[in-house]
Amino acid sequence: MAECTTLDSLLEMGFDRNRAEKAVAHTGNQGIERAMDWLMEHENDPDIDEPYVPPAGNTLGTTEEQSQSPTETSECTEFAEEGGDAKRPMTEEERKEQVKRLEELMKARQEERRERERKDEIEREKQRRKQGQELLQVKQKLQDDEMKKLADQRRREKMEDRLAKQRVKDKIARDREERARKFGGGSTSTGLSSPPSEAPLQSPLENQGAPPAKKDYDDCRIQVRLLDGSTLSTVFKAQEPLAAVRVYVQMNGANGQDFNLITPYPRRVYTDLDMEKPLSELGLVPSAVLVVTKK
């Protein structure tokens, strides 16, 4: 009898009979509130409006239930008479009042669910914005590093140009000293002036060799082989983390796919812990080839 009361209440509240029968069955007939919660949680299920087929022995909403309902009603009536003050049938006004309270309860829970979904959407939007800002920061850092590399390259070129001019000047000075010795008159001054001309020559040569050594250890050229067979190639600082390479791949060729970075030989799959380590510590300096694989 309680099951019939729950079903009738749901029907009076405007729920479809098929949905109401499913709610009563799936909640184990534990009351109108549980049935309402089930309906609100599953209202968007693709199979919610498919005909309800009760399990064997469950005659909820079937012809057998209708044929048995007079007997059940009689039994409930007899039980009510024997129990004296046992639960009496509700009047029409009480029934309407109960339906009204249930409708208010359903509206309140729907409002709570909408509020919860709104908060979840706001939180997801915050996370998306945070990730976007982080990507922009990494992209800006890569651009700044590229500008620094270009500036360093220009400085090296200027230094090499100055050294080349200095070598030309030194050669002219030596030629003059050589001519002075041939024609006499200046051997003493030549001997005194010769060492200074040789000293600057050696110093620039030593300085000239320094930049390539610095480039070998401070810079790291990384070539990345993508899933489609194409390759990316760029230069990173040796102290940059592997995460910078991962972000570079995400921005230039990952197409939104999740991936792993590996070295083919010796084979090594880089984990999340490796992402925080600098390239020099991972043995990727001065150059390395990384392969992108699917997770």
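1. The buried residues of helix α7 pack against α5, β1, β2, β3 and β5, where a contact means heavy atoms within 4.5 Å. The buried positions in α7 are Leu242, Ala244, Val245, Arg246, Val247, Tyr248 and Val249; buried means under 20% relative accessible area, exposed over 50%, and partly exposed in between, with a 1.4 Å probe and protein chains only. Helices (H or I, at least four residues) and strands (E, at least two) are DSSP runs, numbered from the N terminus.

2. Some care is needed in reading these values, as this is a predicted model, in which local features need pLDDT of at least 70 and side-chain atom pairs count only at pLDDT 80 or more, while totals for chains, interfaces and linings use all residues. Residues are numbered from 1 along each chain as its sequence is written, and side-chain values use heavy atoms, with hydrogens and water left out.

3. The protein chain has 7 helices and 5 strands, and these follow one another along the sequence in the pattern α-α-α-α-α-α-β-β-α-β-β-β. Of its 295 residues, 26% are buried, and among the contacts with a separation of 6 or more, 61% are between residues 24 or more positions apart. The chain exposes about 20,400 Å², of which carbon and sulfur atoms supply 50%; accessible areas come from the Shrake-Rupley method with a 1.4 Å probe, and for residues only the protein chains shown count as cover.

4. The 5 strands form an open sheet with mixed pairing, in the order β2-β1-β5-β3-β4, and two strands are said to pair if DSSP finds at least two bridges between them. The edge strands, each pairing on one side only, are β2 (231-237) and β4 (267-269). Neighbouring strands of this sheet are turned by 30° against each other on average, direction ignored. Strand β1 (residues 219-225) pairs with β2 in the antiparallel sense over 7 bridges, and Asp219 stands opposite Lys237 in β2.

5. Helix α7 (residues 242-252) lies across β1, β2, β3 (259-264) and β5 (287-294), and runs at about 145° to β2. Axes here are lines fitted to C-alpha atoms, for helices over the stretch in contact, and angles run from 0 to 180 degrees between N-to-C directions.

6. Helix α5 (residues 92-183) packs with α7 at an angle of about 105°, with their axes 10 Å apart. That makes α5 roughly perpendicular to α7, a term for angles of 65 to 115 degrees, whereas those under 35 count as roughly parallel, those over 145 as roughly antiparallel and the rest as oblique. From α5 the contact is made by Leu135, Val138, Lys139 and Leu142, and from α7 by Val247, Tyr248, Gln250 and Met251. These residues divide into 6 nonpolar, 1 polar and 1 charged, where Ala, Val, Leu, Ile, Met, Phe, Trp, Tyr, Cys and Pro count as nonpolar, Asp, Glu, Lys and Arg as charged, and the others, Gly among them, as polar.

7. Some loop positions deserve a check of the backbone. A cis peptide bond, with omega about -5°, joins Tyr265 and Pro266, and Pro266 is found in the loop between β3 and β4. The bond from Val285 to Pro286 is also cis, with omega near 10°, and Pro286 has its place in the loop between β4 and β5. Asn29 has a positive phi of about 50° although it is not a glycine; Asn29 is found in the loop between α2 (17-26) and α3 (32-41), and counts as partly exposed at 29% relative accessibility.
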